[in-house]
Amino acid sequence: MKKRIALMLTLLCALTAFTAFAESQDAPAPQEGKTLVVYFSATGSTERIANLIAAETNADVFALEPVTPYTNADLNWTDENSRVSYEHDHPEAQSEVELSQITPENWDAYDTVYIGYPIWWGIAAWPVNPFVTGNDFTGKTVIPFCTSASSGLGESDALLSEAAGTGDWLQGQRFSSGAGESDVLEWVRSLTQAEK
């Protein structure tokens, strides 16, 4: 009798193990998520950095384009009547900057999102705001980067994270407008090493 019970338990364990193994073979292997580099560039500096990051990470690229593009005259921050000066002095006008598209195609497929922007008056250029507030970053690692001729990162990354309200936001990185390719790639590779 004891031998029968032992045999039945052995068979039951073997059957359970075989079933679990068979189910694991049928389940699709988890796929590694995709990477997206999103950026707003007023003069081309941020675009150049974004493209370097995208090439190094094999990422897709999504440019944030205002419906009404900024002209050189609009970007003249030394002119108190320029568009950016007006928007800076009237924060309600910043929220009126409309983008041609807020959510990239296949948004849910991305698990890592780099967000690039120039620094304007110590904060992220406001055309980035509709993208950040208009998307759900749940389950995504978000890596901000910015460009500036003289200003630092400031609190731009923390302010964007707060505005988004979701996602795992890493500390951002500031690049000078003329940053070399090696500086950008060294930073990107340091992020990859930190993941391991």
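Visitor: Which helices and strands each supply at least two residues to the lining of the largest pocket?

Guide: Helix α2 and the strands β3 and β5 (141-148) each supply at least two residues of that lining, with helices (H or I, at least four residues) and strands (E, at least two) taken as DSSP runs and numbered from the N terminus. This is a predicted model, in which local features need pLDDT of at least 70 and side-chain atom pairs count only at pLDDT 80 or more, while totals for chains, interfaces and linings use all residues. Residues are numbered from 1 along each chain as its sequence is written, and side-chain values use heavy atoms, with hydrogens and water left out.

Visitor: Which of them gives the most to that lining?

Guide: Strand β3 does, with three residues.

Visitor: And how much space lies in the largest pocket?

Guide: About 480 Å³ lies in it, and of the 17 residues that line this pocket, the closest to its centre are Trp77, Pro118, Ile119, Trp120 and Ala149. A pocket here is an open set of points on a 1 Å grid over the protein atoms alone, where a 1.4 Å probe fits, with protein on both sides within 12 Å along at least five of seven lines, and lining residues have an atom within 4 Å of a point. The points are joined across faces, edges and corners, and the volume is the space filled by probe spheres set on them.

Visitor: Back to α2, then: which of its residues are buried?

Guide: The buried residues of α2 are Ser45, Thr46, Ile49, Ala50, Leu52, Ile53 and Ala54, where buried means under 20% relative accessible area, exposed over 50% and partly exposed in between (1.4 Å probe, protein chains only). Just after this helix, Asn58 takes a positive phi of about 55 degrees.

Visitor: New topic: how many salt bridges does a search of the whole structure find?

Guide: The search finds four, each being a side-chain nitrogen of Lys or Arg within 4 Å of a carboxyl oxygen of Asp or Glu. In one of them, Arg189 pairs with Glu56, and their closest N and O atoms are 2.9 Å apart. Arg189 lies in helix α7 (residues 181-195) and Glu56 in helix α2 (residues 45-57), so this pair ties together parts that are 133 residues apart in sequence.

Visitor: What about Arg83, which residues are linked with it in a network of salt bridges?

Guide: Asp74 and Glu87 are linked with Arg83 in that network. The closest N and O atoms of Asp74 and Arg83 are 3.7 Å apart, while Arg83 and Glu87 meet at 3.1 Å, N to O. Arg83 and Glu87 are four residues apart in helix α3 (residues 83-89), which separates them by about one helical turn. Asp74 counts as buried at 17% relative accessibility, Arg83 is buried at 18%, and Glu87 is buried as well.

Visitor: And which ring does Arg83 lie over?

Guide: Arg83 lies over the face of Tyr70, at 3.6 Å from the ring centre, and a charge sits over a ring if NZ of Lys or CZ of Arg is within 6 Å of the ring centre and within 35 degrees of the ring normal. The charged end of Lys140 also sits over a ring, that of Trp107, 4.6 Å from its centre.

Visitor: On to the rings themselves: how many aromatic pairs turn up in a search of the whole structure?

Guide: Twelve are found; rings of Phe, Tyr and Trp (its six-membered ring) pair if their centres lie within 6.5 Å, and planes under 30 degrees apart count as stacked, over 60 as edge-to-face and the rest as tilted. Among the twelve pairs, Trp107 and Phe131 have ring centres 5.7 Å apart and planes at 90 degrees, so this pair is edge-to-face. Trp107 lies in the loop between α4 (91-94) and β3 (110-120) and Phe131 in helix α5 (residues 129-133), so they tie together parts 24 residues apart in sequence, and both are buried.

Visitor: Which residues do ring pairs link into a cluster?

Guide: Ring pairs link Phe40, Tyr70, Trp120, Trp121 and Trp126. Of these, Trp121 is partly exposed at 39% relative accessible area, whereas Trp126 counts as buried at 0%.
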